[in-house]
2 protein chains.
Amino acid sequence: MPDEPSPIQLTPIGYVVTRYAEAAHAPSQSSENHRETGRVVLYEHFRDGLDGLDAFPYAWLLTWLHAQRDEQTVDLRVVPRALESTGQTRGVFATRSPHRVNRLGLSLVRVVRVEGSTVHFTGVDLVDGTPVLDIKPWFASTDSPPEHGDPTTG
Amino acid sequence: MPDEPSPIQLTPIGYVVTRYAEAAHAPSQSSENHRETGRVVLYEHFRDGLDGLDAFPYAWLLTWLHAQRDEQTVDLRVVPRALESTGQTRGVFATRSPHRVNRLGLSLVRVVRVEGSTVHFTGVDLVDGTPVLDIKPWFASTDSPPEHGDPTTG
């Protein structure tokens with residue numbers, strides 16, 4: 001059992017292009033803004049990794065939420081949006097708050113089309129320039145609880 | 001627009017305890033093994049971040065797939081499991097292959113209970129000792145396509 005974690009280094013594969021320059025103006029979740037279009041622009045040498053993505057209607061963007069304020073220490077308790085009126089806190093791992101220990105974002109987007117090293121998508125909740133760490137196709141069977149999964153897809 | 005990506009450093013918040021010592025023996029997806037139990041053990045100082053997680057039936061584990069072979073260069077084209085009989089390749093970002101540019105894993109698990117800094121879950125697809133980078137509650141509204149989302153939950 002590991003006693004002390006070793007840091008892990010990741011390299012962005014590209015970045016997101018949206019009309020939101022600031023986190024405060026971007027929607028909290030892509031599901032709240034599922035008609036607006038954005039783009040993922042991959043660095044050119046990762047282009048071949050997109051082959052076949054356009055066969056999938058939906059994909060996950062795993063991102064680095066760079067536009068969040070850079071705190072020295074991250075609060076382990078946050079007030080989730082649903083509890084803002086009461087001011088009650090929850091542990092950050094029980095929320096989708098962007099102020100996380102590791103500021104990883106997880107956004108489900110609709111794949112509109114792939115053109116060269118660019119993925120056009122709808123469902124925008126990301127600030128312009130957000131680094132993208134990974135893209136994964138969405139599978140109903142894998143990405144839904146057993147009682148929600150549609151056995152005819154994914 | 002960023003021309004060159006800066007590397008990003010993450011710190012594991014804990015690790016997974018399962019009965020799989022090797023990647024070759026672990027199920028490919030948690031949905032294929034949704035009854036087996038595993039644990040996430042957080043490093044003690046992250047314990048408060050779990051407060052309230054037990055109110056959610058499902059959660060995402062974002063992990064670092066450390067047990068994959070460490071290649072100098074990652075292939076951008078892989079043969080997905082569904083195409084193994086044909087040998088056809090797809091871009092890695094159009095697959096859930098663990099051999100990725102950034103070896104991020106995304107596993108949907110059922111939260112059984114939270115005890116101190118330990119999360120007991122079912123739905124095991126991870127090798128023992130896999131570093132955990134983030135835990136996020138699963139929301140039907142956010143994590144399902146619009147036509148799959150159940151408006152009564154999440």
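**Group meeting: B:Arg100 and the A–B contact**

I'll start with one residue: leaving aside neighbours within four places in sequence, B:Arg100 is in contact with A:Asp134, B:Val74 and B:Val92 (contact means C-beta atoms, placed from the backbone, within 7 Å). This is a predicted model, where local features need pLDDT of at least 70, side-chain atom pairs count only at pLDDT 80 or more, and totals for chains, interfaces and linings use all residues. Residues are numbered from 1 along each chain as its sequence is written, while chains are lettered from A in the order in which they are written.

B:Arg100 sits in the loop between β6 and β7 of chain B (strands are DSSP runs of E, at least two residues, and helices runs of H or I, at least four, numbered from the N terminus). Is B:Arg100 buried or exposed? It counts as buried, because it has 25 C-beta neighbours inside 10 Å; the cut-offs are 20 or more for buried, 12 or fewer for exposed, and partly exposed in between. Its C-alpha atom is separated by 9.8 Å from that of B:Arg77, 23 residues apart along the chain.

Strand β1 of chain A, residues 8–10, runs antiparallel to β1(B), with three bridges joining them. In one of these, A:Leu10 is partnered with B:Ile8.

Last, A:Ala59: apart from neighbours within four places in sequence, its contacts include A:Leu53, A:Val109 and A:Trp138.

Conventions: Pairing = 2+ DSSP bridges. Contact = placed C-beta atoms within 7 Å.
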